[in-house]
Amino acid sequence: MRVRVLVVASLSTGLLPVSETVFAQSPPGEPQVLPPVVVSAPAVASKRAPRRQTTQRVTTERPRTVYVYPTTPTSRSGIDVDKVTASINYVDARAIERANSLNVTDALQQQVPGILINEVAGNPFQPDLQFRGFVASPVAGTPQGLAVYQNGVRINEAFGDTVNWDLIPTAAIRSVSVVTNNPAFGLNALGGAVNIQMKDGFNYQGAELSTMGGSFGRIQGSAQWGKQVEGFAVYGALEGLHEKGFRNFATSDVRRFYGDVGYRSDSSELHLNMGVANNKFGASATVPVELLQQNYGATYTTPQTANNRVGYLNFTGKVEATPTWTVEAAAHLRFFRNKTQDGNPTGTQPCEDPTLLCFGDDDTPANGLNGAQIANPFAPGAVLGENDRTSTRSTTVGGSLQATNTDQLFGHDNRFVVGASYSSSVSQFTASAELGTIGPDYVVTGSGISLGQSGDPIAIGPVSLRTTNRYGGIYALDTFDVTNAFSITGGGRFNTAQIVLEDQIGTALNGDHTFNRFNPIIGGTYKITPELTAYAGYSEANRAPTPLELGCADPANPCIVGAFLISDPPLKQVVSHTIEAGLRGTKELNAGTLGWKLGAFRATNNDDILAIPSPVLQGYGYFQNVGSTRRQGIEAEVTLRAPTLQLYASYAFVDARFLDALAIGSNSPFKDDDGNVQILPGNQIPAIPRHRVKAGFDYAVTDAFKVGADALFVSSQYFVGDDSNQAPKLEAYTVFNAHASYQIDKSVQVFARVDNILDRRYSTYGTFFETDSVPNFANGGAQFTDARSVSPARPRAFYAGVKVRF
């Protein structure tokens, strides 16, 4: 009986020459690897002609297969993997399918050693993705450190550089590469870039329907279809999901579509793709540990809801102008809308005169929208709160142009890339606060009374801000083969960013900021043997402060981060300096193909930006440059691929530290009388665990029946706010998952999975809160005594589904 197995795809396993096209009816065990490109080998001489004939040296060309890895966001191809001067992290459609999840981040956490996800927002579809201690997050106010691209278009949203993973249709993803040590990916690539390539009708053909249901009321479905007719191709994918969630008020609704129309000739390829999504979430955020001990599904102050909507249209083209020159171009248009509602404690309280309301103390008036002090309409003893609402509307247009030349230089192979990109975004941000009361279930019930500008200094009030971001860049990269084994890469990118803030109510937020920088790259690779390659490289990258950060950067005027902007003091741009080196290789064994990689990195950020909580007002804060920080570590991975068994294991060590002394505001129980903690050089950066261990296997019991499992260990980490490293850490955790599938016939497959098999109760994120803001209703209204607040992970969950391929 022929055995097939669901492959765990990884670059380090070795690369197999397979077709780039995937058919819906292809067995799910067929491997997918990096796109292969057939090229011509250097000319070689034929055998010498017989005597008495004119001797000639006739040249022939032998085709060979080269596997490529992206070095720029625009290119649909890339560079020979043996010449990449950095770590290679690649996840293809098969690995994403293995996760049976509509979250692409789940597959990335399984397959990439340095990646970790947590649910700081309290919803599985709005995760923080952390790589090497740098974050791409949907949470406004999170200092972002990763650039994310979809089909060559940067999708970090304009206002806060946030990344909304829920807007990306997972079924339509062809591959994801996590690129490190490369400034060609532009702004925000401090720790690297996540480069997502989508499917089209040329590389996916056929149809598939999939549905799955299970724990916590989850039901989801997806459909995709692709077809090629001569030089034309079309592809479409549709996904939908509804889930109640395991925590109170955590319902999720996901609806998204992606489509592509393409044309291909012998010398050109054109694509028009578009996508839309409309998603709604209940984001239950962190919860005090005292509440969690009473109820694992508890929430602390709600409603907390988010609605994300997007529509985009991209045009890409590639033309082989000559045998050695290729020109690629792209143009994009993106509309993004985000609305949030967040129930919070409030700084509003009865005045010394209980018929009036004050803000921050019992003497400073709390004003209405008309500027007059608000009369107190609430019953004596009522616990006051507020519903904070925000709306962000962004429109982005832009384009890029790139040319690639492969002419030899001084008789040696050479690949030269030059390109430019430009985008312009206009955002309209508004925020308001409605007073209300907090009930025993921590639900904030609004009163219809809105807060105007209040506080001393002004700490709250309605916001209406228009921002314009203009981002441009010019880059060049050259890879030169010194010998057949030794290649060097050099180049760089010049970034420019202009950010204009226009206050639509007053003038406090007005500002015009420009940031410029050239970021170099230099590196090399050496193929020690055909099965072993060494690499090393150095690069720099920069991140301009976002409009959100620039609008909330005054310690004397803190704001509700992500909601109420107060003033516009300047911030410095963040600059990272990264060096990494390592080895990677493959080895054919009797048991199968062994692949492995081992690398080390160090990234130092100058003028890093952090969100600092206000030591005066609970829930308020500001952004501040905090000097230099450093993230360094090692990454190791080993895989074994055999006809019936796939194994993988990886380890990542990330050491993240502050390098300068600094006193900053904190909610830590170890803060001083001024509400600050003292950072010392060498203190660890919170929320970055030092150790991550991953392992998994897939085994084909028969041709039709397959089983697999994976495990994740994450070490302890400091709570956010414990920058002085004085409080006990958030505990380490280990979680085990399992899955199985049965191929009924060529077209129908049933599958199931169990997450968190041992039903481990653990948390992926921790921070502190002010214990006296709201009573502990679960304890008879007494004051909270434990300042820890955490994001609980999902308990054991069961899911099952069916896929039908045509």
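Here are some questions and answers on the strands and surface patches of this predicted model.

The model is predicted, so local features need pLDDT of at least 70 and side-chain atom pairs count only at pLDDT 80 or more, while totals for chains, interfaces and linings use all residues. Residues are numbered from 1 along each chain as its sequence is written, and side-chain values use heavy atoms, leaving out hydrogens and water.

Q: Which strand gives the most to the nonpolar patch?
A: The patch takes in Phe-232, Val-261, Tyr-263, Leu-270, Leu-272, Met-274, Val-276, Leu-313 and Phe-315, with about 760 Å² of accessible area together. Patch residues have over 30% relative accessible area and no salt bridge, with nonpolar side chains (Val, Leu, Ile, Met, Phe, Trp, Tyr) joined within 5 Å and like charges within 9 Å; areas come from the Shrake-Rupley method with a 1.4 Å probe, and a salt bridge is a side-chain nitrogen of Lys or Arg within 4 Å of a carboxyl oxygen of Asp or Glu. Two or more residues come from each of β18 (252–264), β19 (268–282) and β21, strands being DSSP runs of E with at least two residues, numbered from the N terminus. With four residues, the top giver is β19.

Q: Is Leu-272 buried, partly exposed or exposed?
A: Leu-272 sits in strand β19. Buried means under 20% relative accessible area, exposed over 50%, and partly exposed in between. Because its relative accessibility is 41%, Leu-272 counts as partly exposed.

Q: What is the relative accessible area of Arg-309?
A: Arg-309 gathers with Arg-255, Lys-280, Lys-339 and Arg-393 in a surface patch of positive charge. Its strand is β21 (residues 304–320). Arg-309 is partly exposed, and the value is 35%.

Q: Which residue in β22 stands opposite Asn-314?
A: β21 and strand β22 (residues 325–345) run antiparallel and pair over 17 bridges, where pairing takes at least two DSSP bridges. A hairpin of four residues joins β21 to β22. Across from Asn-314 you'll find His-332.

Q: How many bridges join β22 to β25?
A: β25 covers residues 384–405 and runs antiparallel to β22. The bridge count is 21.

Q: What separates the C-alpha atoms of Gly-226 and Gly-259?
A: Gly-226 belongs to strand β16 (residues 218–229), and at 4% relative accessibility it counts as buried. Gly-259 is 33 residues away along the chain, and the C-alpha separation is 9.6 Å.

Note on methods
Lys and Arg count as positive and Asp and Glu as negative; His and the chain ends are not counted. The place of a charge is taken as NZ of Lys, CZ of Arg, CG of Asp or CD of Glu. Buried means under 20% relative accessible area, exposed over 50%, partly exposed in between (1.4 Å probe, protein chains only).
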